[in-house]
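Could you walk me through this model in the viewer? I'd like to know what to select at each stop and what is there.

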Amino acid sequence: MLQILLTIVWLLLVPFGCGLWLTAKLPKERQSMGMILLNGYLIMIAFFQCFYLGFLVAGSISFKLLTWLFGIVIVLYTVVSTVFGWKTIKECLPKMKMKEAVALKSVFVAFVILQVVMRLHQQIFDGDDAFYIATAANSYTSGTMNYIQPYTGMITQTLDMRHAFAAAPTWLAFLSKATMIHPAIMGHCVLAPMLIVLHYLVILQVGEVLFKKKKNQKYLFATLVALFNMYGYVSIYTAQTFFLTRTWQGKSIFANLFLPILLLILLWLGDQTKEIKIKNVLYILAGILMFAGSSMTTMAVVLLPMVFMLGILFLAIYRKEPWMLLKGAVACVPVGIVGLLYMLM
């Protein structure tokens with residue numbers, strides 16, 4: 001019972017509280033319960049990446065200290081965010097009209113539940129579990145980071161920078177420590193279903209922009225995406241394969257959560273026609289996303305800013321606003337610092 005309560009706190013309540021303040025700064029039409037939760041996860045992961053990189057640069061391997069420092073700071077931020085952004089809940093509640101498009105909603109929800117149930121039932125074990133789960137388990141049991149080799153169990157003599165800069169396994173270890181659930185169970189049975197739900201929350205937000213004149217069609221759009229995800233196993237390297245078989249791994253979270261949210265931000269920037277302050281919030285959100293995404297896989301350090309700036313380039317040309325390029329470049333500064341540290345170390 002305690003584990004269930006802690007899971008609700010750390011995977012639902014804390015991220016939801018973290019996302020309230022930032023979501024309150026978004027345009028009213030962009031605010032929703034799903035967006036609050038998504039923003040909260042981005043902020044939570046970004047905070048963790050900041051602490052993790054600080055420990056990495058300082059040469060500290062103390063996972064126990066990282067857990068306590070990050071845990072205290074993220075709880076404090078959750079309280080502050082809730083105090084300044086609690087009114088966002090009032091704005092979002094009227095939008096939750098359950099009577100509209102009942103049939104489309106039901107089919108979509110059924111597909112999501114099916115994927116969650118099959119993900120839990122099949123319990124697919126991927127070869128990278130030997131790295132991801134073992135790395136998280138090492139931190140969880142030993143209280144250290146990047147100190148024990150996941151494949152051999154021996155003490156690390158030299159730091160593997162390619163993997164050390166990706167904080168995803170350590171983040172998994174933190175969630176395990178905070179909820180008192182073993183990393184293998186956390187990854188396979190708890191975090192995986194949550195990530196599936198988060199993915200479809202993003203898809204619904206994308207559908208909201210693409211079908212703003214016929215908003216009920218977003219459920220049809222999301223259902224089609226769900227079908228593509230279920231039948232996207234045309235190779236072992238597709239985003240759909242990663243999504244349903246390697247759900248909790250950093251590369252999968254990058255491809256199926258961070259890239260779609262980045263696409264969503266670009267769609268919002270293309271759709272936004274007024275209030276410069278609101279546009280600036282979207283650039284801040286993009287900066288947080290790219291920095292948080294760098295914790296999932298080192299390839300995100302290059303791919304996220306590259307995709308973002310390519311989209312900004314097209315938008316700047318289409319809208320004849322060259323200042324968009326400068327603002328986009330500023331948004332890339334945090335992830336650029338991560339890339340610089342990676343090259344130096």
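## Starting in the core

Select M290 and bring up its surroundings. Leaving aside neighbours within four places in sequence, M290 is in contact with L262, L304, P305, F308, A331, C332 and V335. Keep in mind as you go that this is a predicted model.

Now colour the nonpolar core around that spot. The largest one has 85 residues, and M290 and F308 are the members that touch the most others in it. Which helix gives this core its largest share? Select residues 33–58: that is helix 2, and it supplies 15 residues. There is another core to find, lying apart from this one; it has 15 residues, including F111, V116, I203 and L204.

Buried or exposed? N39 is buried, with a relative accessible area of 0%. Show what surrounds it: beyond the neighbours within four places in sequence, N39 is in contact with G19, L22, T23, L26 and L285.

Look along it for a bend of about 35° at V9. Then show its buried residues, among them W10, L11, V14, P15 and C18. G19, L22 and T23 are on that buried list too, and each of these is in contact with N39.

## Along helix 12

Next, select residues 250–271. Helix 12 has 22 residues and reaches 30 Å from its first C-alpha to its last, close to the 32 Å expected at 1.5 Å a residue. Where is the kink in helix 12? Go to F258: a kink of about 25° lies there, shortly before the proline P260.

## Charged pairs

Begin with R30 and D271, which form a salt bridge with their closest N and O atoms 2.7 Å apart. R30 is in the loop between helix 1 and helix 2 while D271 is in helix 12, so this pair ties together parts that are 241 residues apart in sequence. How accessible are the two ends? R30 is buried, at a relative accessible area of 7%, whereas D271 counts as partly exposed at 23%.

K212 lies in the loop between helix 9 and helix 10, so its pairing with D271 in helix 12 ties together parts that are 59 residues apart in sequence. K212 is partly exposed, with a relative accessible area of 45%.

For the last pair, select E321 and K279, whose side chains meet in a salt bridge at 3.5 Å, N to O. E321 is in the loop between helix 14 and helix 15 and K279 is in helix 13, so the pair links distant parts of the chain, 42 residues apart. E321 counts as partly exposed at 26% relative accessibility, but K279 is buried at 12%.

To finish, show R30, K212 and D271 together: salt bridges that share partners join them into one network.

Note on methods: Residues numbered from 1 in each chain as written. Predicted model: local features only at pLDDT ≥ 70, side-chain atom pairs only at ≥ 80, totals over all residues. Heavy atoms only, no water. Helix = DSSP H or I, 4+ residues; strand = E, 2+ residues; numbered from the N terminus. Expected span 1.5 Å × (residues − 1). Bend = angle between axes of the 7 residues up to and from the residue. Core = buried A, V, L, I, M, F, W, Y, C linked by side-chain atoms within 4.5 Å. Buried < 20%, exposed > 50% of the residue type's maximum accessible area, 1.4 Å probe, protein only. Contact = heavy atoms within 4.5 Å. Salt bridge = Lys/Arg side-chain N within 4 Å of Asp/Glu carboxyl O.
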